[in-house]
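Have a look at the structure first, then follow the dialogue.

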Amino acid sequence: MNAAPSLTQKRPPQSPQFLPPSVRVEHELLRTSHSLTEHVDFFPMTASIKPLSKRTAWKNLAAHYKKIKEVPLSKLFADDPKRGQRLTTEAAGLFLDYSKNRVTDETVKLLVQLAAESDLRGRIGAMFSGEKINITEKRAVLHVALRAPKNASILVDGKDVVPEVHSVLDAMAAFANRVRSGAWKGHTGKRIRNIVNIGIGGSDLGPVMAYEALRHYSERDLTFRFVSNVDGIDFVEATHDLNPAETLFIVSSKTFTTLETMTNAESSRDWLLNGLGGDSKAVAKHFVAVSTNAEKVSAFGIDTANMFGFWDWVGGRYSMDSAIGLSTMLAIGPENFRAMLDGFHEIDEHFRTAPFEKNLPALMGLLSVWNTDFLGAETVAVLPYEQYLKRFPAYLQQLTMESNGKHVTLDGASVNYHTGPIYWGEPGTNGQHSFYQLIHQGTRLIPCDFIAFGKALTPLGRHHDMLVANVFAQAEALAFGKTPEQVKAEGTPDWLVPHRVFEGNRPSNTILADRLTPAVLGKLVALYEHCVFTQGVIWNINSFDQWGVELGKALAQRIIPELESEAPPKLKHDSSTNNLIRRYRKLKEAS
């Protein structure tokens, strides 16, 4: 798809990560020879792509930034009365207003050119066709296959994976129907009324978020709890009021070796057996597994007929629509779960086929690159004005920051630009009485994504109109602020005027949909998944590995026995870590 790769790409000696944006985007680093001969087979898709700072569109964006950096949003709107109608796009029932970003038509044109120069279209095709674009782990990246229709065909190493996906979905549906109907009985013959999902990372954040988001559609006769933290409090609080005879545990771990998950699973088994008289046969009636390790699942006591698999081409943070979503299906039912998958697929197809100037995920990704690397924004606030989406920002934290928190390009060269902004947020209107002060009048530029719906799932008097009014008001206030003249015109004393001025010129997106349904949740998640992908392609990084989580986990495995040993261990850490270990051991002894 691209020209043959160069074997002598260059590596910059050091990344100027803290240069001002206007300097950083122009900064050209001397590169020393770095042979890619032994790795060249891993990135034929990107080897012909120039380093970011050498791409023509990037250089043009740098020059363009100089021209418009002092132009406020107020002037852009004043000069273009139809800006608010033009800088919008819509697809699959999602409406995006990006007119309050600090961009012009020329900015968008150059960003689209940057996408073309970065071969975003080719990289999208590579992902959807099953190429191993996760080069450091030599894996395909096929979360899009999890929601592909039955008549689709996606090959991985020559094998069509779609039939396997639907086979697992059918098995999940059959199991969910048995539990929801009461046909599945616990060890004592009682109906299952409590579901406890045990996982961590993507095996927890996705199911928790989806359950909270779709609680309106959930089976209210079932209680759902989620355990992830190895802190024992998490497990104790999740189970303290549950009856073991009516409780089903879902243990989600691909390898069935994840430290936190298996520690909690073992405590769950002990809790169950203690409550049911110690009969080990009870485990098979109260535990199911989402895993690929049949041997360890069986050794735990789980019937492998109740093991739901997934694949190495599904990253944890992209797995909520795989078997990891079993708790979601139990809560909302197979029909609603499939509707959620259909929503995912609609945005997948839009992302795959729509021109970038009308492509919602691509535009959001490109605007984020603009805000991050040219305007110097370090974070993005995601602000859903929908209480059911209260865990959506937390879910996006893993999706975005584990994906694009990378400091080297695909060929191993240090980047000389910022990647991976920090994503965070809370539902409105709560955040307005918390951190909005910083967004409005602080010294940091914080782009915002507002998410709102035309209809409430639980209509209550004037509540929804008031809620949505706050969405529009906050976006307007961030964009246009309040001038000293406006403040003075209100009769404010001169000494108080500076304190009441809002500078404005804060960028935001507003995303609107009809109402929060399972399908719309799928669309929103897919929107951000592909936004992340777009960012990663522009920055030429691998959005699908997560080596950064490994070191601390490995060191913890060394430290655990040093904390637990009866005899004082010989410590070989740094002086701080050694001292902390000794202090902790003394605290344990004192108790």
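**Reading helices, confidence and pockets**

Q: Which residues of α10 are buried?

A: The buried ones in α10 are Glu260, Thr261, Met262, Asn264, Ala265, Ser268, Trp271, Leu272 and Leu273. Buried means under 20% relative accessible area with a 1.4 Å probe, protein chains only; helices are DSSP runs of H or I, at least four residues, and strands are E runs of at least two, numbered from the N terminus.

Q: What kind of model is this, and how are residues numbered?

A: This is a predicted model, where local features need pLDDT of at least 70, side-chain atom pairs count only at 80 or more, and totals for chains, interfaces and linings use all residues. Residues are numbered from 1 along each chain as its sequence is written, and side-chain values use heavy atoms, with hydrogens and water left out.

Q: What is the mean pLDDT, and where does pLDDT stay under 50?

A: Where pLDDT is low, the predicted coordinates should not be read in detail. pLDDT is the predictor's confidence in each residue, from 0 to 100. Here the chain's mean is 92, with 92% of residues at 70 or more, but pLDDT stays under 50 over residues 1-42.

Q: Why does the span of α7 agree with its 20 residues?

A: The expected span is 1.5 Å times one less than the number of residues. For α7 (residues 162-181) that gives 28 Å, and the end C-alpha atoms are 28 Å apart, so the two agree. Gly182 follows α7, with a positive phi near 95°. The 17 residues of α10 reach 24 Å, close to the 24 Å expected, and Gly277 comes after α10 with a positive phi near 85°.

Q: How much space lies in the largest pocket, and which element gives the most to its lining?

A: Rolling a probe the size of a water molecule over the atoms shows where empty space is left. On a 1 Å grid over the protein atoms alone, a pocket is an open set of points with protein on both sides within 12 Å along at least five of seven lines, and lining residues have an atom within 4 Å of a point. Grid points are joined across faces, edges and corners, and a volume is the space filled by probe spheres set on the points. The largest pocket holds about 1,300 Å³. Its lining has 46 residues, with Thr258, Gln546, Val549, Glu550 and Lys553 the closest to the centre. α22 gives the most, with 6 residues.

How values were computed:
On a 1 Å grid over the protein atoms alone, a cavity is a set of points where a 1.4 Å probe fits but cannot get out, and a pocket is an open set with protein on both sides within 12 Å along at least five of seven lines; lining residues have an atom within 4 Å of a point. Buried means under 20% relative accessible area, exposed over 50%, partly exposed in between (1.4 Å probe, protein chains only). Contact means heavy atoms within 4.5 Å.
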